[in-house]
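Please study the sequence and the structure shown below.

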Amino acid sequence: QQRRVELGLPAANCAVIFAHGYLGSRFDMLHLCEKLAQRGFVCASVDFAEGLSGAVPRQIARQEIVQELILRLRSEFDVQHLGLVGHSAGGGTATALPGEFRCGRVAVAGLAPGYASNDPLLAVASEGDGVVRLPRVLQALPENVVVQDLGTFDPSCSLRLGILLRQPLKARAAG
């Protein structure tokens, strides 16, 4: 708690962890981290072994890195509630990691099969994704997840949500 006060952070005790995709880096979602930090969240992002930095030995698994980060967030910032956001391979990390993430899990363009957590979930996928194909993401979603097209998105619906982009956003704005 004192560390949070020293850094000028509110006592909300919430942190969001960001997991980059294959060949990504801890800077990939910097804009989102900055926005959340402005709203009082502690934000943490790390490099993984398959990232561009090359700073992490290959034998250290994503899960191990995130678990170590969670321990540090809890001890240094008195964090009680966590959220996990991942892009591509990071989306797999966000949905495969065991534990409770009460602030929710977000998987953008990637999702681990067999997601079984009761944590709030937002999965974002696109038919135009050439790497993580939409049928793979839809198949990985639990049965109780509502899938909505962005054009008919209802923000008041369930917290367990999948958003489907059927056309690029630029085309949608023009049409």
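**Exercise 1: The nonpolar cores**

Ile17 is in contact (heavy atoms within 4.5 Å) with Ala44, Val66, Leu69, Ile70, Leu73, Leu82, Gly83, Leu84 and Val85, its neighbours within four places in sequence being left aside. The model is predicted: local features need pLDDT of at least 70, side-chain atom pairs count only at pLDDT 80 or more, and totals for chains, interfaces and linings use all residues. Residues are numbered from 1 along each chain as its sequence is written, and side-chain values use heavy atoms, with hydrogens and water left out.

Task: State which residues have the most contacts inside the largest nonpolar core.

Solution. Step 1: A nonpolar core is a set of buried (under 20% relative accessible area, 1.4 Å probe, protein chains only) Ala, Val, Leu, Ile, Met, Phe, Trp, Tyr and Cys residues joined through side-chain atoms within 4.5 Å. Step 2: The largest such core has 21 residues, and Ile17, Ile70, Leu73 and Leu82 have the most contacts inside it. Step 3: Helix 3 (62–77) gives the most to this core, with six residues. Step 4: A second, separate core has 12 residues, among them Ala107 and Val132.

**Exercise 2: Ser88**

Task: Locate Ser88 and list its contacts.

Solution. Step 1: Ser88 lies in the loop between strand 3 (81–87) and helix 4 (89–96); strands (E, at least two residues) and helices (H or I, at least four) are DSSP runs, numbered from the N terminus. Step 2: Neighbours within four places in sequence aside, Ser88 is in contact with Gly21, Val108, Ala109, Gly110 and Val132. Step 3: His20 is 68 residues from Ser88 in sequence, but 7.3 Å from it in space, C-alpha to C-alpha.

Notes
Buried < 20%, exposed > 50% of the residue type's maximum accessible area, 1.4 Å probe, protein only.
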